[in-house]
Amino acid sequence: MWTPEQIRAIPQLLLEWYQANARPMPWQENPDPYHLLVAATMLQQTQVETVLPYLERFLQRFPTIRDLAEAGEEEVLRYWAGLGYYNRARNLHRAAQQISRRHNGSVPCRVDALRQLPGIGEYTAGAVVSIACGKPEPALDSNGYRILARLLAFEEDITLSSSRRQLQEACRQILPEHAPGAFNQALMDLGAMVCTVREPRCLVCPLAEQCLAFQQGRQASLPVLPPRQVGEKVQDVCAIIEHHRRWLMRKRTDGRLWHGLWEFPRVRMEEGETLEQAVRRAASTVGAQIDGCETVAVIRHGVMHYSVTLHAVRCHLREHPPEGSDTLRWVSPKEAQRLPLSSPMRRVLGKLMQKREK
Ligand code: SF4
């Protein structure tokens, strides 16, 4: 796969570049396995710049694995709210509980042990053991796969597991035993700063001489990816039910994407249904009869393969209020801000708060 010259040159060139260009990361001073575990989990599907403030807040509140293990799920989700992909938070919480029980509160420095914990895949396990424990394991995120695919002019779809296995193996061959953590981070940084998805900056790339894609002028068409799915357009409605300056919110318990988060009762609009009918249906899911509806926000967002338009409609109760419960609460605006919400619901709440201030 690689020539002997590449096996020698690529890690050396990459590490020299990294020394001069590394992005400062909070774990560089003290690469604690628990901090790495949280950081790598947050970094799955989310950019570094977005992650850093969340990471700081999260580690301030849960400074050790035991603090995280002993916290309630609702609080963990609240500190995750806004990062999206909430299964990551739930899995991290469960992993912390298992580490407390099975590993006496110490994150194991072994890929096989980490992989048995919920939500920990090759990338997260590799990042923890290479950066925090100094073991020679690859930690390939999307940046790493892209760079290796370009260096090798790799012709297969890089999202396939067979391709990933081949690229992992290629990475192992050039991973330096003396600096695996720096090498893995260098790949991530090079992918973020130089070998970017669009318009890679090959003329300033330290690996240009080693890169087949660049030499063949194919850097714009590699890596090979599956055909893009066009997002199906759907319309959702949420009912903001007001009563004595409080809003009725419910907790999702459907085991799906936003399980455990709170929301204004929300439904998907059906074919032929008017906005008003959909709002009444949303309100009826929490046993409320409503009147006097007014749209206060229209939010567009993507989720899974859907392109969603969410209509947030404020309305008043027509009859006596439904009783509160573990999954249904009348909350003040201040209380609503402290609940764990999905990003779209947080945006709806932001619009409501703006309207209250006017
Ligand atoms: S030469 Fe270009 S395509 Fe190749 S690794 Fe560098 S930036 Fe990426």
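A residue counts as exposed when its relative accessible area is over 50%, and as buried when that area is under 20%. The model described here is predicted. Gly-255 has a relative accessibility of 59%, so Gly-255 is exposed. This glycine sits in the loop that joins strand 2 (246–251) to strand 3 (262–263). Its C-alpha atom is separated by 9.8 Å from that of Asn-87, although the two residues are 168 apart along the chain.

The protein chain as a whole can be described briefly. Its secondary structure comes to 15 helices and 7 strands. The C-alpha trace spans about 80 × 50 × 35 Å along its principal axes. The chain has 358 residues, and 51% of them are buried. Among contacts with a separation of 6 or more, 67% are between residues 24 or more positions apart.

Helix 5 covers residues 73–80. Its buried residues are Val-76, Leu-77, Tyr-79 and Trp-80. Viewed down the helix axis, these buried residues fall within an arc of 160°, so they line one face of helix 5. An α-helix has 3.6 residues a turn, so residues three or four places apart point the same way.

The pairing of helix 5 with helix 3 can be followed residue by residue. The two axes come within 9 Å and cross at roughly 150°. Angles over 145 degrees count as roughly antiparallel, and helix 3 and helix 5 are therefore roughly antiparallel to each other. Helix 3 contributes Tyr-54, Arg-57, Phe-58 and Arg-61 to the contact. Helix 5 contributes Glu-75, Val-76, Arg-78, Tyr-79 and Trp-80. Of the residues in this contact, 5 are nonpolar and 4 are charged, with no polar ones. Val-76, Tyr-79 and Trp-80 of helix 5 take part in this contact and are also among the buried residues of that helix.

Two residues beyond helix 5 have a positive phi. Helix 5 is followed by Gly-82, with a positive phi near 110°. Tyr-85 lies in the loop between helix 5 and helix 6. The phi of Tyr-85 is also positive, at about 45°, although this residue is not a glycine. With a relative accessible area of 45%, Tyr-85 is partly exposed.

Helix 6 holds Ser-100. This serine has a relative accessibility of 15%, so Ser-100 counts as buried. Neighbours within four places in sequence are set aside here. Beyond them, Ser-100 is in contact with Ile-65, Arg-66, Ala-69 and Gly-105.

Helix 2 passes helix 8 in a right-handed crossing. On the helix 2 side, the contact is made by Pro-33, Leu-36, Leu-37, Ala-40, Thr-41 and Leu-43. On the helix 8 side, it is made by Tyr-123, Thr-124, Ala-127, Val-128, Ile-131 and Ala-132. The residues of this contact divide into 10 nonpolar and 2 polar, with no charged ones.

The peptide bond from Leu-222 to Pro-223 is cis, with omega near 0°. Pro-223 lies in the loop between helix 12 (212–215) and strand 1 (232–243). The loop between strand 1 and strand 2 contains His-244. His-244 is not a glycine, yet its phi is positive, at about 50°. Its relative accessibility is 69%, so His-244 counts as exposed.

Helix 13 (residues 275–284) has Ala-278, Val-279, Ala-282 and Ala-283 as its buried residues. Seen down the axis of helix 13, these residues fall within an arc of 140°, so they line one face of the helix. What covers them includes strand 1, strand 4 (266–268), strand 5 (290–303) and strand 6 (306–317).

Note on methods
Residues are numbered from 1 along each chain as its sequence is written. This is a predicted model: local features need pLDDT of at least 70, side-chain atom pairs count only at pLDDT 80 or more; totals for chains, interfaces and linings use all residues. Side-chain values use heavy atoms; hydrogens and water are left out. Buried means under 20% relative accessible area, exposed over 50%, partly exposed in between (1.4 Å probe, protein chains only). Helices (H or I, at least four residues) and strands (E, at least two) are DSSP runs, numbered from the N terminus. The arc is that of the directions from the helix axis to the C-beta atoms. Axes are lines fitted to C-alpha atoms, for helices over the stretch in contact, and angles run from 0 to 180 degrees between N-to-C directions. Angles under 35 degrees count as roughly parallel, over 145 as roughly antiparallel, 65 to 115 as roughly perpendicular and the rest as oblique. Contact means heavy atoms within 4.5 Å. Ala, Val, Leu, Ile, Met, Phe, Trp, Tyr, Cys and Pro count as nonpolar, Asp, Glu, Lys and Arg as charged, and the others, Gly among them, as polar. A crossing is left-handed if the near helix is turned anticlockwise from the far one by less than a right angle, and right-handed if clockwise.
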